[in-house]
Amino acid sequence: MVEQTPGSGGGAGQARLPAAFLAHAVATAPPGAPVVALALDQARALPPGPERGRLLTALLTGPCAAEAPGWLLAAALSTDELPPLRAALDHPGCPPEWPAEVVARSADERLGALGHAGASAALRAAVVAELRRRVPSPPPPVDTRSAAEPNAAWLALRSPDLADEVFAAAVRLLPGPPAQLAEGQPLGAWVAGHRAALTAWRALWREVLTTHPERTAELWALVTDEQARAVLGETLLGALPRQVPAGLLAELATADLASAAGAALTSRVCQALHAGRSPDETAASFADELAALPPADRRLPLAYLGAFGGTPDRGLAAATDWVARALAERWRPLLAAADDEPGWRTPPATRAALRRRFAEVALTALELWRPRPGFPLCQPEQLAWLTELTRLLPGQRHEFRGRAGAFLADAERGPAHRRRRRGAYPAADDPAYDRALHELRKGLGLGWRGIPGNPPLTELAYQPAAILDRFGAPGVADERLERLLLTHAVRGYPSGPSVAELLARHSAPGAALRRLTERSAELLADHPGAERVWVALVLASEHREPATLRALPAALALAAPPAPADGGPSVLSLVTEAFAELPAAWAHLATGQGRARGARRTLGEALDTALAAALATAATPRPPA
């Protein structure tokens, strides 16, 4: 369809074809073709805008690619649209001074598009020079404004098709590492700003890596700053290992594993200090190994050897802490990838060798692990790394089990420690830790094969509910049901068959509840807090009897919530009935004469003692007034 456009001087309208149609028509037309002449006339007459830009681009890259009239080049260079502008700047007829002029007036966001891989040498050189003019060298440190206001180099690197020299220049002009603490600067403000700046810096390098995945090795060679290389290495190893060439991936992994030596030496240093050796003596004995470490890896062990060194107990697990962080931050993608997973530039054999080397570091760390006195493992995240390694490296499960004995034994002390320190470890979080402990045992190959006849009480308590259901199914022996009753006190929360269900399956529920209560101090001695839970379970049971309540520990029974109003005996009814004929016994119970002195005393013993004291007081004659 032919469109009408206003003619000059108010004359008759001038016919023209749609610009998109003409652009398509001239794409393969020879220079002298009539349609080219028509397109040139129409391009000259059109007002600035997308239609004119499309036609200018088609002419400069088509019939006028070898030779173009000056007005056509000038028209393309005067536009703000990128396609005609690039076509004119890349044209052999472009005057040599024009690239620098155009680049100088271009916004930061446009420099990358102008410095593309197909640009002329003059244009590439102009973009490089302009980048160096706009960004100081060395570039300032990254700060909290950097992400919101990226410099010209950062913006240029957002273009994926950069010329080699433009890419190199832009990389060297990226913001530097976050600034160090300045004299007089408030520490709190610096820490907050440094953390935000470091986050922005990491995001910068990840953006560059994902925009230019084929230039990973080139980027690594260009970056020489130690801190920038550390961030790049973490990002490549921990987030983008598939795009890394095999040689570079092996180099990065080897360097990362080498840094574990500092953590391993820290564990050994802290073991020596914990054993009573002085810092000077310890430093002398490890002097050669300390000297062999790179300065960055030497800082951690030295932190425990100075005059104001850290508490050695805190560094005993430094080696396993390194493994846990390495897994979470860097090694998980490499360890989790299947040998036949597509998209990797590193062959399966190389990846398998790297996984084996990581396993060796982890095994060494487990061998060096020592418990921290007074602070057993008691949080899920402290166990999760080893559980995950047994899943990611099943071929080393046997070796992990062989070296994790002390680690697992300490973890099994965790539930008791949590109960002792309820302020720090709420009871509501106990199931999560118990599940983590069970998963660790399972991962190490220590799960049950079948159901054992008499498993340790701690191990039984933290089995999954499905296993507990099987263990206490109807028809099992009374002894097994009694062990499951005790696990409710050890665990502190419901799982598997309820207390009521277990007692219902027992041949003599009342007698069993009384017998277990009488032995609760012995049976639950290794489980702090468990006897308190047992008291609550007994008081809530419909099978409670007065003799059972008398066997409860006095202090816990008196402090426990009231029993349900179901017509059964309660602590209050027991006390009320015992003191019915001698009310003075209440005072002896309240003042502590019926309480234990040093040793544990049952409720029955406390009541008898209070009654005896009341009788003795009543029989003693009062002195005359």
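Helix H24 gives the most to the lining of the largest cavity, with 3 residues; helices here are DSSP runs of H or I with at least four residues, strands are E runs of at least two, and both are numbered from the N terminus. This is a predicted model, in which local features need a pLDDT of at least 70 and side-chain atom pairs count only at pLDDT 80 or more, while totals for chains, interfaces and linings use all residues. Residues are numbered from 1 along each chain as its sequence is written, and side-chain values use heavy atoms, with hydrogens and water left out.

The pLDDT, which is the predictor's confidence in each residue on a scale from 0 to 100, averages 90 over the protein chain, and 94% of the residues score at least 70. Over residues 1-13, however, the pLDDT is below 50, and beyond near neighbours in sequence this stretch has 17 contacts in the model, a contact being heavy atoms within 4.5 Å.

To return to the cavities, the search uses a 1 Å grid over the protein atoms alone: a cavity is a set of points where a 1.4 Å probe fits but cannot get out, a pocket is an open set with protein on both sides within 12 Å along at least five of seven lines, and lining residues have an atom within 4 Å of a point. Grid points are joined across faces, edges and corners, and a volume is the space filled by probe spheres set on the points. The whole structure holds 2 cavities of 30 Å³ or more, and the largest cavity has a volume of about 40 Å³. Its lining consists of Pro415, Arg418, Arg419, Asp430, Asp434, Tyr462 and Arg491, and the elements that give two or more residues to this lining are helix H24 (414-420) and helix H25 (430-443). By class, the lining has 2 nonpolar, no polar and 5 charged residues, where Ala, Val, Leu, Ile, Met, Phe, Trp, Tyr, Cys and Pro count as nonpolar, Asp, Glu, Lys and Arg as charged, and the others, Gly among them, as polar.

The largest pocket contains about 1,300 Å³ of space, and of the 32 residues that line it, Ala230, Glu234, Ser259, Ala296 and Asp297 are the closest to its centre. Helix H13 provides the largest share of this lining, 8 residues, and the lining as a whole has 15 nonpolar, 6 polar and 11 charged residues.

In the second largest pocket there is about 460 Å³ of space. Among its 28 lining residues, Ala317, Asp321, Arg372, Leu377 and Gln382 lie nearest the centre, and H19, helix H21 (380-392) and helix H23 (405-411) are the elements that give two or more residues. H19 gives the most, with 5 residues.

The largest nonpolar core has 118 residues, of which Leu59, Trp205, Trp331, Phe358 and Leu389 touch the most other members; such a core is a set of buried Ala, Val, Leu, Ile, Met, Phe, Trp, Tyr and Cys residues joined through side-chain atoms within 4.5 Å. Helix H20 (residues 348-368) contributes the largest share of this core, 9 residues. Leaving aside neighbours within four places in sequence, Trp331 has contacts that include Leu237, Leu257, Leu354 and Phe358. A second, separate core of 45 residues includes Val476, Leu485, Ala530 and Ala614. Buried means under 20% relative accessible area, exposed over 50%, and partly exposed in between, with a 1.4 Å probe and protein chains only.
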